[in-house]
Amino acid sequence: ILIIEDNKDTAESARLLLAAEGYEVETTYNGSDGLNVAQAFKPHVILCDIGLPGMDGYQVAQSIRRDALLSNIYVIALTGYGRDEDQLAARKAGFDLHMTKPIDYNLLKRALANFPTRLSVESA
């Protein structure tokens, strides 16, 4: 799992919780670094904040979907933006799931335990 989150406390808390569940987790604090780490790390899942400085989460998701090597990664928006139009914008940008902060870690764990691969979603 790759966490792209500019709030270092939030990123570290999520990293610790997910690592305790047995996941291999990397963290980055901005969108461009997140894309670079994704290229090298090849995560199955990316948890990405939308309100990132510079390259925002929408741009990160769009970049991931355009990259043949990354396009099948399951991307979850972790954001304070929770209105219906925010959820629609996240979907349009390429996010698979939209979760509002503060994150319900039990819900996140269930989502991670049951996430479909994009490959199986697209081929169905």
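This is a predicted model: local features need pLDDT of at least 70, side-chain atom pairs count only at pLDDT 80 or more; totals for chains, interfaces and linings use all residues.
**Stop 1**

Select the strands. There are 5 of them in an open sheet, in the order β2-β1-β3-β4-β5, and the pairing is parallel. The edges are β2 (26-28) and β5, each of which pairs on one side only. On average, neighbouring strands of the sheet are turned by 20 degrees against each other, direction ignored.

Now keep β1 and β3 on screen. These two strands run parallel and are joined by 3 bridges.

**Stop 2: strand β4**

Select β4 (74-79). How many residues of β4 are buried? The count is 6 of the 6, so the strand is largely enclosed by the rest of the structure. Show the side chains: Tyr74, Ile76 and Leu78 point one way, while Val75, Ala77 and Thr79 point the other way.

Then bring back β3. It runs parallel to β4, and 5 bridges join the two. Across this pairing, Leu47 stands opposite Ile76.

**Stop 3**

Select Thr28, which is found in strand β2. Is Thr28 buried or exposed? Its relative accessibility is 5%, and buried means under 20%, so Thr28 counts as buried. Apart from neighbours within four places in sequence, Thr28 is in contact with Leu2, Ile3, Ile4, Glu5, Asp33, Gly34 and Val37.

**Stop 4: the nonpolar cores**

In soluble globular proteins, nonpolar side chains tend to be buried together. The largest nonpolar core here has 19 residues. To find it, select Ile4, Ile46, Cys48, Val60, Ile64 and Phe95, the residues with the most contacts inside this core. The elements that give two or more residues to the core are β1 (2-4), α2, β3, α3 (57-66), β4 and α4 (84-93). Of these, α3 gives the most, with 4 residues.

Zoom in on Ile64. Leaving aside neighbours within four places in sequence, Ile64 is in contact with Leu35, Ile46, Leu70, Ser71 and Val75.

A second, separate core has 15 residues, including Leu18, Val45, Leu47 and Met99.

**Stop 5: Leu108 in α5**

Select Leu108, which lies in helix α5. The relative accessible area of Leu108 is 1%, and the residue is buried. What does Leu108 touch, not counting residues up to four places away in sequence? The contacts are Leu18, Leu47, Ile76, Met99 and Ile103. Draw a distance between the C-alpha atoms of Leu108 and Ile76: it comes to 9.5 Å, for two residues 32 apart in sequence.

**Stop 6: the cavity**

The structure holds 1 cavity of 30 Å³ or more. About 50 Å³ of space lies in the largest cavity. Select its lining: Ile3, Glu5, Thr10, Ala11, Ala14, Leu78, Lys101, Ile103 and Tyr105. Which helix supplies the largest share of this lining? Helix α1 (residues 8-20) does, with 3 residues.

**Stop 7: two backbone details**

Most residues other than glycine have a negative phi, and most peptide bonds are trans. The last two selections depart from these patterns.

Select Lys101 and Pro102. The peptide bond from Lys101 to Pro102 is cis, with omega near -5 degrees. Pro102 lies in the loop between β5 (97-100) and α5 (105-113). Lys101 was also part of the cavity lining at the previous stop.

Finally, select Lys42, in the loop between α2 (31-41) and β3 (45-49). Phi of Lys42 is near 55 degrees, a positive value in a residue other than glycine. Lys42 counts as partly exposed because its relative accessibility is 44%.

How values were computed: Residues are numbered from 1 along each chain as its sequence is written. Side-chain values use heavy atoms; hydrogens and water are left out. Buried means under 20% relative accessible area, exposed over 50%, partly exposed in between (1.4 Å probe, protein chains only). A nonpolar core is a set of buried Ala, Val, Leu, Ile, Met, Phe, Trp, Tyr and Cys residues joined through side-chain atoms within 4.5 Å. Contact means heavy atoms within 4.5 Å. Two strands pair if DSSP finds at least two bridges between them. Axes are lines fitted to C-alpha atoms, for helices over the stretch in contact, and angles run from 0 to 180 degrees between N-to-C directions. On a 1 Å grid over the protein atoms alone, a cavity is a set of points where a 1.4 Å probe fits but cannot get out, and a pocket is an open set with protein on both sides within 12 Å along at least five of seven lines; lining residues have an atom within 4 Å of a point. Grid points are joined across faces, edges and corners, and a volume is the space filled by probe spheres set on the points.
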